[in-house]
Amino acid sequence: VEVVRGPQSAIYGSDALSGVVNVITKSGGEKLAASIEGELGGDDFERGFAEISGPVGDNGGFSVQGVSLDDGDPVERSQFELDSVAGKLVFQPADNLRLRVNARYADSNGTSFPEASGGPELAVIRAVDKTDAEDFSIGGHLVWRINDAWEVAGVASYYDREDSFLSPGVAPGVRDAVPPNGTDSELERTNLALRIQVNPVDRLAATVGVDFEREDGKSAGFVEFGPGVQIPNSFELERDIWGVFGEVRYDLLDNWLLQGSLRFDDPDEASSETKGKIGTLWTLNEGRTRLQANYGKGFKLPSFFALGSSLVGNPDLLPEESESVDIGVWQSFFDQRLAVDVTLFYNDFDNLIDFDFDLFTNVNRDSVETRGVEVAVSATMTDELRLTGHATYTDIDVKNADTKLRQRPDWRGGADLNWQAAERWLVNVGWLYVDETFDSSIPTGGQTLDSYHRVDANLQWQATSRLRFAVAVDNLLDENYEEA
């Protein structure tokens, strides 16, 4: 799992407003292999997993995984079940051609108290939201290596989600009621891209490309304003987005990297966007010190639901935009047995989309500024004992509005202790702290949720090279807390 912080719209376009998470799935190995996992837990938790993988040709492989999950009932009336199957195929039809194909299908259903209802403790209406969904995605990535300096890649993907949602609504309280409502929705997304990468000299690499995305969304629903009085809540929207992008990476010195990217997007029904990002990384002291700085801009188009829903939608919403600066230093000590990473950041979000309870609709906040610091520490205390810790402070200022963003704590941090207690025994203890935070519900209006500490622990025993047992205890100290 790769996590890239900061706006990435210069490469990925819309949605990469403040970061990108890239999940790389397993490829097959050199021999046929299979594995199965089973988990049982409190509150009727159940999970099963099976995987088979193997080689394809001389340099390829395949992997197929299936998951069945029942999250049980960890919070009253809150349930989630998921069945999914996913596969990946990688093979080389020729020495200079490589093809990767991914596919996934998932069927899920869940229940929970409606958002802003007050949850299990405060909701007046005890009926719950119900959601059923099916997801299907398939994609292909073909790379043609022309020579050592030139490479061409074509990417195509398709995603489809169908879901059904039914809500009993929320009884009135400090704020007005939410009437019963329901929807049957479908979202289709098609992506096509062509990229050319060139390495004309050892220190320089450049990528240019063009891509196209089509989104097609439709929703057929209702809002019930009284017994037998249902008002349609339906919409159908479509948009195309064309994009042109380029990225350059240059090793100015053996220890000094410069990188920049620029992208132009032309979406339907919205103004065109040009976003860029520049960054530098400087390595010193034989790799013991790293200095980095980044500046970038990003944007995110409003979702079809935010635009089209007759209950909370606002067709006049503008795209969200972000501007970000971060400066960081990473330093290791004692032959890299101790490492400290400190990053200062500043973000300016314009037209941030937020839900306004007083107006009961989605709105653009003129400007939201966030600034703060992230600290991460890792210490290898002995060959068997490793400690990691992290802390983040964020100051949020909503300009030109007397409001707070919900569920945004000032402080958040934690630590993990990993102990190889014996050759076949591994112990992990994790601690999480979340500062007090503002939230809101219809029965209560604005509220401050208390800060909390949570400790989780797990123990693993590698009984044989092919058999592993594990036991975990979540919330070991039985902390009574609310996340929302």
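Which residues make the nonpolar surface patch of about 690 Å²? The patch is built from Val-248, Tyr-250, Leu-252, Leu-253, Trp-256, Leu-258, Trp-282, Leu-291 and Val-329. Keep in mind that this is a predicted model.

**The nonpolar surface patch**

- Two elements give two or more residues each to the nonpolar patch: strand 13 (235–253) and strand 14 (256–267).
- Strand 13 is the top contributor, with four residues.
- Leu-258, one of the patch residues, sits in strand 14.
- Leu-258 has a relative accessibility of 32%, so it counts as partly exposed.

**The nonpolar cores**

- In soluble globular proteins, nonpolar side chains tend to be buried together.
- The largest nonpolar core here has seven residues.
- Its members are Ala-116, Val-170, Val-178, Val-312, Phe-355, Phe-357 and Ile-442.
- There is also a second, separate core of six residues, and among them are Phe-349, Leu-352, Val-398 and Leu-405.
- Take Val-312, a member of the largest core. Setting aside neighbours within four places in sequence, Val-312 is in contact with Phe-305, Ala-306, Phe-355, Phe-360, Thr-361 and Asn-362.

**Asn-314, in a loop**

- Asn-314 is located in the loop between helix 3 (304–308) and strand 17 (320–333).
- Is Asn-314 buried or exposed? Its relative accessibility is 19%, and buried means under 20%, so Asn-314 counts as buried.

- Strand 5 (residues 60–70) pairs with strand 6 (residues 79–94). The two run antiparallel, over 10 bridges.
- Within this pairing, Val-64 has Gly-87 of strand 6 as its bridge partner.
- Strand 6 also pairs with strand 7 (residues 97–112), again antiparallel, through 14 bridges.
- Here Lys-88 has Asn-102 of strand 7 as its bridge partner.
- Two residues form the hairpin link from strand 6 to strand 7.

- Most residues other than glycine have a negative phi.
- Asp-15 has a positive phi, near 90 degrees.
- Where is Asp-15 found? Asp-15 is in the loop between helix 1 (9–12) and strand 2 (19–22).
- Asp-15 is partly exposed, because its relative accessibility is 44%.
- Asn-285 also has a positive phi, near 55 degrees.
- The loop that holds Asn-285 lies between strand 15 (273–284) and strand 16 (289–300).
- Asn-285 is partly exposed too, because its relative accessible area is 44%.

**Glu-37, in strand 3**

- Glu-37 belongs to strand 3 (residues 33–41).
- Its relative accessibility is 37%, so Glu-37 counts as partly exposed.
- Glu-37 and Glu-51 are 14 residues apart along the chain, and their C-alpha atoms are separated by 9.0 Å.
- Which residues does Glu-37 contact, leaving aside its neighbours within four places in sequence? They are Arg-47, Gly-48, Phe-49 and Arg-468.

Conventions: Residues are numbered from 1 along each chain as its sequence is written. This is a predicted model: local features need pLDDT of at least 70, side-chain atom pairs count only at pLDDT 80 or more; totals for chains, interfaces and linings use all residues. Side-chain values use heavy atoms; hydrogens and water are left out. A nonpolar core is a set of buried Ala, Val, Leu, Ile, Met, Phe, Trp, Tyr and Cys residues joined through side-chain atoms within 4.5 Å. Buried means under 20% relative accessible area, exposed over 50%, partly exposed in between (1.4 Å probe, protein chains only). Contact means heavy atoms within 4.5 Å. Patches are made of residues with over 30% relative accessible area and no salt bridge: like charges are joined within 9 Å, nonpolar side chains (Val, Leu, Ile, Met, Phe, Trp, Tyr) within 5 Å. Accessible areas come from the Shrake-Rupley method with a 1.4 Å probe; for residues, only the protein chains shown count as cover. A salt bridge is a side-chain nitrogen of Lys or Arg within 4 Å of a carboxyl oxygen of Asp or Glu. Two strands pair if DSSP finds at least two bridges between them.
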